[in-house]
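Have the structure open and follow along.

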Amino acid sequence: MALTELEVDIAIVGAGPAGCAAALSLADSGLSVVILDKDKFPRDKICGDALSADVVNQLYKLNREIGDSFLRTTRKHQAKGIRFYAPNGNPLDISFQQKQSKPKGGFVMERFNFDHFIMEQVRAEANCRILEGQKISGITVLPDAVELGTPAYAIRAKMALGADGANSILNRTLVPAKIDRNHHSGGLRQYFENVRGMQGEGYIELHFYKEILPGYLWIFPLPNNRANVGIGMLSRKISERNIDLKATLHQLLKGHPNLKFRFKDATPLETPKGFGLPLGSKKRKLSGDRFLLLGDAASLIDPFTGEGIGNAIRSGRLAAAHCRAAFKENRFDADFNLRYDNAIYKAVWKEMQVSRQLQHLLKFPWLFNFIVKKASRNTSVQLLLTAMLDDIDLKRELAKPGFYLKLFFR
């Protein structure tokens, strides 16, 4: 079968949040854009499904109408706070600060629905063509273009954006590098129905038990009495301790005192599904001649929380801004594209460093137990931790030994 030839200004590989954010940010640019994705939408995406407050903020930065439309959707569960479980099993509830303008705490929404929502926003844009079910089979960077091949299309673009996730073909082809297990996490997700203790509370749960440190088990409530349950752990620790994540998840749900009663009558809706998380705890090459990497393809996942959707949308916005400048100056070379790398790390590196330090602190279970004990007895400490969830400068204090000395002696 003859291939359909297509020439565009910008080719975006991947129709997740990063790729869609880039396309939406280019809607009024006058540039021709094509999005290619190997799947057809709506489709499942293995994820924890948690959407932080930053995700909502990033949607509003894309477009106020998009932000408002998202808040009106009903296929999501509002998160009112976080319930932490210390290694010794003791809980601590931290409520999100609420603002009248829009919910502060974020939501839990299946990626099947969220990605479909943001994709539908792109479909309305006249300058963007969407090609679904098109897996990239070849990439060639030429002096004057990038050529992308699929089973049905031969695409020629002046700039390519790799927004195709943790296993990005643009990343693997143009920036080949082995997985660094010190900056990578392995995870599992499993949907359940009828998990006890979820109804009406509105808290997402993070369980930090000694079997999985530095990592955690999560329980995130979804509409219709369902929950996203999963486990994530640093890949180096998985390898060093020869951990079977599926077996560990099963053992914790069936045997841990905090969990076994709650899952006694719960119904699994799928088998556990695995995924990898390239963490943003070290700087990487994000661009080169005629290409940029976005979202998970650029390893922009928070090392402590494992959340990456907010940064995916942020990277889409920044990539679009860079593309406008590139076409204005007619510069697509690697040296010029380093401006994009710098813009990304200017926006996220401070928080990535703090999250990396917090990840290291999880090596000390006694410290986590102490914080939970102290906060459960002291309203002021609870309020301080609540503020830290929303303020990067305050959060930085959590990574300093002096913070814990003050807690200990006061």
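## Salt bridges overall

There are 22 salt bridges in the structure, each being a side-chain nitrogen of Lys or Arg within 4 Å of a carboxyl oxygen of Asp or Glu. As background, oppositely charged side chains can pair up when their charged atoms come close.

Some housekeeping: this is a predicted model, where local features need pLDDT of at least 70, side-chain atom pairs count only at pLDDT 80 or more, and totals for chains, interfaces and linings use all residues. Numbering runs from 1 along each chain as its sequence is written, and side-chain values use heavy atoms, with hydrogens and water left out.

Start with R226 and E110, whose side chains meet in a salt bridge at 2.4 Å, N to O. R226 sits in strand β15 (residues 226-234) and E110 in the loop between β7 (107-108) and α4 (111-123), so the pair ties together parts that are 116 residues apart in sequence. (Helices, H or I with at least four residues, and strands, E with at least two, are DSSP runs numbered from the N terminus.) R226 and E110 are both buried, meaning under 20% relative accessible area, with exposed being over 50% and partly exposed in between (1.4 Å probe, protein chains only).

Next up is E270 with R189, a salt bridge whose closest N and O atoms are 2.9 Å apart. This pair also links distant parts of the chain: E270 is in the loop between β16 (267-268) and β17 (273-278), while R189 is in strand β12 (residues 184-193), 81 residues away. Both E270 and R189 are buried.

## A partly exposed pair

R156 and E147 also make a salt bridge, at 3.1 Å from N to O. R156 is partly exposed at 24% relative accessible area, and E147 is partly exposed at 32%.

## The cavity

How many cavities of 30 Å³ or more are there? The count comes to one, a cavity being a set of points on a 1 Å grid over the protein atoms alone where a 1.4 Å probe fits but cannot get out. The largest cavity holds about 60 Å³, with volume taken as the space filled by probe spheres set on the points, which are joined across faces, edges and corners.

Its lining (residues with an atom within 4 Å of a point) is P214, L234, R236, K237, R356, Q359, H360 and K363. Helix α9 (334-361) and α6 (235-240) each supply at least two of the lining residues, and α9 gives the most, with three.

Key. On a 1 Å grid over the protein atoms alone, a cavity is a set of points where a 1.4 Å probe fits but cannot get out, and a pocket is an open set with protein on both sides within 12 Å along at least five of seven lines; lining residues have an atom within 4 Å of a point.
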